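Visitor: I'd like to learn how to read features in a structure like this. Could you take me through it?

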Amino acid sequence: MPNPRSRLVEVVAGVIRDARGRVLLARRTEGRDLAGLWEFPGGKREPGETPEAALARELHEELGIEAEVGAAVIRVPQAYPDKRLVLDVREIRQWRGSARGREGQALVWVPPHKLASYAMPPADRPVVAALQQSEHYLVTPEPGESDEAWLDTLSRSLQAGVRRVQLRLRTVAAERSQRLAAAAVARCRAVQAEVLINGDVALANALGVGLHLRAVQLRELAERPVPARMPLGASCHDADELRAAQALGCDFAVVGSIKPTPSHPGVLGIGWEAFSVLRESVSLPIYAIGGLVPDEVAEARRYGAQGIAAIRGLWVAS
């Protein structure tokens, strides 16, 4: 776990886009920590500065531009060997001037879909996910007696904007599970939504979709069970499980429960502060789960979450 006695460093960074939609990255210069890695431009917030004022100052000092700071993207707490860092990332609404590396740093304009191919410090990796990947992760409830009713509700959820789905069919007989999963995958693919199968490695590989691992499976697997082109998620409850998910090559994790839920009566949620501490231990994108609804994405991102994962909150019943 992160050492609470480590010095805390607050850093602000900006997502700067050019007229073609490319995003600006800066390379850390020799002699600095993590030299050679690419990052979103910015720097340390001084005592008494607002994040907005600090970011405008840093971008002027580093790049020579006048920036208008916009909406929050994500605030990432990250533990390093010698410090605890909080990276506060904002959109840059407008900027004036010609961006150049005034401190000798290399700059590059990157198409958004190529950001993940650049080697970055741990705290910057969740930022890329926040810019590119879904902020909602629907976990489907177990189907009732009617397959068609369950599929119709899935379609309504997709129409409402869900674009990442975990198919949870653990209580369903094998033949029905395969049939339902195939039908659900077809509906998701029709709207370009990403699909992951809960726990069933063989079914995920047979359908050519992603896999969501249960926490117990993290201890059983020695290597990534699906190809790199297919998404791999995992449910985690503590820092050890998160580190196991990262070592296995998972693309993201889900952590909770944040709040008490009807499915676990009497069980208190861990709360946002505990989630934030767990967030520090890895560089994976992490969804928060447990009693959350879509309107809470902004709050989730203040604690470093990719967004929210939910059953009831994202399952659009009639």
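Visitor: Where does Gln192 lie?

Guide: Gln192 lies in the loop between helix 4 and strand 10 (194-198). Keep in mind that this is a predicted model.

Visitor: And what is the phi of Gln192?

Guide: Gln192 is not a glycine, yet its phi is positive, about 60 degrees. Gln192 counts as exposed because its relative accessibility is 73%, and the cut-off for exposed is over 50%.

Visitor: Which other residue has a positive phi without being a glycine?

Guide: Take Leu34, with phi near 60 degrees. Leu34 is in a loop too, the one between strand 2 (23-27) and strand 3 (38-39). At 35% relative accessibility, Leu34 counts as partly exposed.

Visitor: Let's stay with the backbone. Where is there a cis peptide bond?

Guide: Look at the bond joining Gly256 and Ser257, where omega is about 10 degrees. Ser257 sits in the loop between strand 13 and helix 8 (271-279).

Visitor: Now for the charged side chains. How should I think about salt bridges?

Guide: The general idea is that side chains of opposite charge can pair when their charged atoms come close. For this model, the count comes to 24 salt bridges.

Visitor: Which residue does Arg57 meet in a salt bridge?

Guide: The partner of Arg57 is Glu49, at 2.7 Å from N to O.

Visitor: Is Glu49 buried or exposed?

Guide: Glu49 is buried, because its relative accessibility is 17% and buried means under 20%. Arg57, at 22%, counts as partly exposed.

Visitor: What about Arg179: which side chain does it meet?

Guide: The side chain of Asp147, in a salt bridge of 3.3 Å, N to O. That pair links distant parts of the chain, with Arg179 in helix 4 (residues 174-190) and Asp147 in helix 3 (residues 147-159), 32 residues apart. Asp147 has 18% relative accessibility and counts as buried, whereas Arg179 is partly exposed at 47%.

Visitor: Which residue does Asp251 pair with?

Guide: Asp251 and Arg224 form a salt bridge, 3.1 Å from N to O. Here both partners are in loops: Asp251 between helix 7 (239-248) and strand 13 (252-256), Arg224 between helix 6 (215-218) and strand 12 (232-236). The two are 27 residues apart, so this pair also links distant parts of the chain, and Asp251 is partly exposed, with a relative accessible area of 31%. Elsewhere, salt bridges that share partners join Arg7, Asp33, Asp82 and Lys83 into one network.

Visitor: On to the strands, then. What's the general idea there?

Guide: In a regular strand the side chains alternate between the two faces of the sheet. To read the pairing, pick a strand and ask who its neighbours are.

Visitor: Do strand 1 and strand 6 pair in the parallel or the antiparallel sense?

Guide: Parallel: strand 1 (residues 8-15) and strand 6 (residues 83-96) pair over eight bridges. To find your bearings, go to Ala13, whose bridge partner in strand 6 is Val89.

Visitor: And how many bridges are there between strand 5 and strand 6?

Guide: There are 12, and strand 5 (residues 66-80) pairs with strand 6 in the antiparallel sense. Ala79, for example, has Arg84 as its bridge partner in strand 6. A hairpin joins strand 5 to strand 6 through two residues.

Methods:
Residues numbered from 1 in each chain as written. Predicted model: local features only at pLDDT ≥ 70, side-chain atom pairs only at ≥ 80, totals over all residues. Heavy atoms only, no water. Salt bridge = Lys/Arg side-chain N within 4 Å of Asp/Glu carboxyl O. Buried < 20%, exposed > 50% of the residue type's maximum accessible area, 1.4 Å probe, protein only. Helix = DSSP H or I, 4+ residues; strand = E, 2+ residues; numbered from the N terminus. Pairing = 2+ DSSP bridges.
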